[in-house]
Amino acid sequence: MNNFIFENATKTFFGKGCVGEYLCCLAKHYGKNVLLCYGGGSIKKNGVYDEVMESLRKAGKNVTEFSGIMSNPTYQKVLEGARLARENQIDLILGVGGGSVMDCCKAISLAAVYEGDVWADFWARPGIIDFEPLPLGVIVTAAGTGSEMNGGAVITNEELKIKTGRDYPRCNPKFALLDPSYTFSVPKRQMVSGGFDTLSHIMEIYFSRPDEENVSDDIAEGLMRGVIRDLRAAVKDPLDYTARSNLMWEATMAENRIIKLGKQTDFQCHMMEHSLGAYTDCNHGEGLAVLHPAYYRRICEAGAEKFARFAVRVWGVSPEGKTQEELARAGVEALADFIREIGMPATLKELGITPENTDLLAVANSCAIVSGSYRKLSHEEIYEIFRECL
Ligand code: NZQ
Ligand code: ZN
């Protein structure tokens, strides 16, 4: 194992009924003014809003609402929320939603207290901010990103056409409440998209050095098998509590830093999706589903031993009669078949992206190139991948 330091500052409450049981007590630790942040209104339809408001009322809070946080949250929306937080002297931000709401809240928690240009100094030039953001608590309503237990936030600057993320440990929520039954109302398309995002996070970590036997990869293999099993079960029966609760915790485990320990990590596929998202506003998990097989077909030779291990240990492919390269390719094709099996898109066209409506060369050229990949891509190759995915 490589050297590492581990810390995770989020106190996490998991299980049916956890909001009613704990939110009131948790909120009492903070001042009177709460900024309640949510998305387009799903929480008003499924009863979550009423349950949260009841707990905040019991805790004696003044609640300011900030709604309409969109998927792929924008920097403009962050600034709007930060203004509201300052005007109302907010003591606690409470985000109720999926990754977009949680990420937007983290960005608001920084922008609300920072005097300078938070885009220039934090998002565009990582490394020079060192201060305490406003405290944040989150209630997860859609599983996938794992944002609930890390300091990461992904924000889109529409003007500059940049979607970028950063993990600032002080942005870790102070507390996270995860009630799997809240995710029952998530539409199937988003449920599958979130589940695939989780699988993608695990693969982005697993397919990186070091490749010697290590605890992080062992846990990653177990998590990948779990996500595949639970997604199949949840697609078959969306009200399967066991499957939905596993998917919720698998999402958190994928991104709470535990399986990153000692690993270099890749995340090249995420960089490609983020560039695509900045230009097209595509759904995050669906963008990843289209790109992953094409990306892995390109790099699996360079990481053949690990891809072969993935085929056997994660997908149960028989190694008999196959060379290491054949086995590696079989693992990638098993992934591609699974994407189709769970009804996800496999081409950019299915996402509404065509060369006529999107300048794919500009998208490719704006993509960050990572150093942790088994084989470092060039911008030309990223453009070729986009073309292959059409
Ligand atoms: O807005 P509402 O009405 O709430 O509807 C949402 C939204 O339309 C709906 N939804 C959420 N909970 C629901 C529900 N509908 C019914 N019942 C419920 N219980 O789901 C839709 C999508 O929500 P969103 O939060 O956008 O999805 P997701 O959780 O996939 O988050 C995507 C964002 O997270 C970023 C992505 O790039 C994207 O911007 N990511 C954040 C990461 C992080 N912070 O660590 C890592 C990821 O790799 C990712 O980049
Ligand atoms: Zn992701």
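## Overall form and domain contact

Tutor: With 390 residues, a compact globule would have a radius of gyration near 21 Å, and the protein chain agrees, because its own value is 21 Å. That radius is taken over C-alpha atoms, and the globule rule is 2.2 Å times the number of residues to the power 0.38. This is a predicted model, in which local features need pLDDT of at least 70 and side-chain atom pairs count only at pLDDT 80 or more, while totals for chains, interfaces and linings use all residues. Residues are numbered from 1 along each chain as its sequence is written, chains are lettered from A and ligands numbered from 1 in the order in which they are written, and side-chain values use heavy atoms, with hydrogens and water left out.

Student: How many helices and strands does the protein chain have?

Tutor: Count DSSP runs, numbered from the N terminus: helices are H or I with at least four residues, strands E with at least two. The secondary structure of the protein chain then comes to 15 helices and eight strands.

Student: What distance separates the centres of domain 1 and domain 2?

Tutor: An automatic or database assignment sets the bounds. Domain 1 covers 11-182 and domain 2 covers 189-388. Taken over C-alpha atoms, their centres are separated by 27 Å.

Student: What area do domain 1 and domain 2 bury between them?

Tutor: Buried area is the accessible area (1.4 Å probe) that two parts lose on being put together, summed over both. Of the area between domain 1 and domain 2, 59% is on carbon and sulfur atoms. The total is about 2,000 Å².

Student: How many salt bridges does the rule find across the interface of domain 1 and domain 2?

Tutor: The rule asks for a side-chain nitrogen of Lys or Arg within 4 Å of a carboxyl oxygen of Asp or Glu. The structure holds 26 such bridges. Across the interface of domain 1 and domain 2 there are two.

Student: Which residue forms a salt bridge with Lys163?

Tutor: Look at the closest N and O atoms of the pair, which are 3.5 Å apart. The partner of Lys163 is Glu273.

Student: Why does the salt bridge of Asp167 and Arg257 tie together parts apart in sequence?

Tutor: The two side chains meet at 3.1 Å, N to O. Asp167 lies in strand β7 and Arg257 in the loop between α9 (241-255) and α10 (268-280), so the parts tied together are apart in sequence by 90 residues.

Student: Which peptide bond is cis?

Tutor: Look in the loop between α7 (188-206) and α8 (215-236), where Pro210 lies. Omega is near 5° for the bond from Arg209 to Pro210.

Student: What is the phi of Gln89?

Tutor: Gln89 sits in the loop between α4 (75-87) and β4 (92-97). Gln89 is not a glycine, yet its phi is positive, at about 45°.
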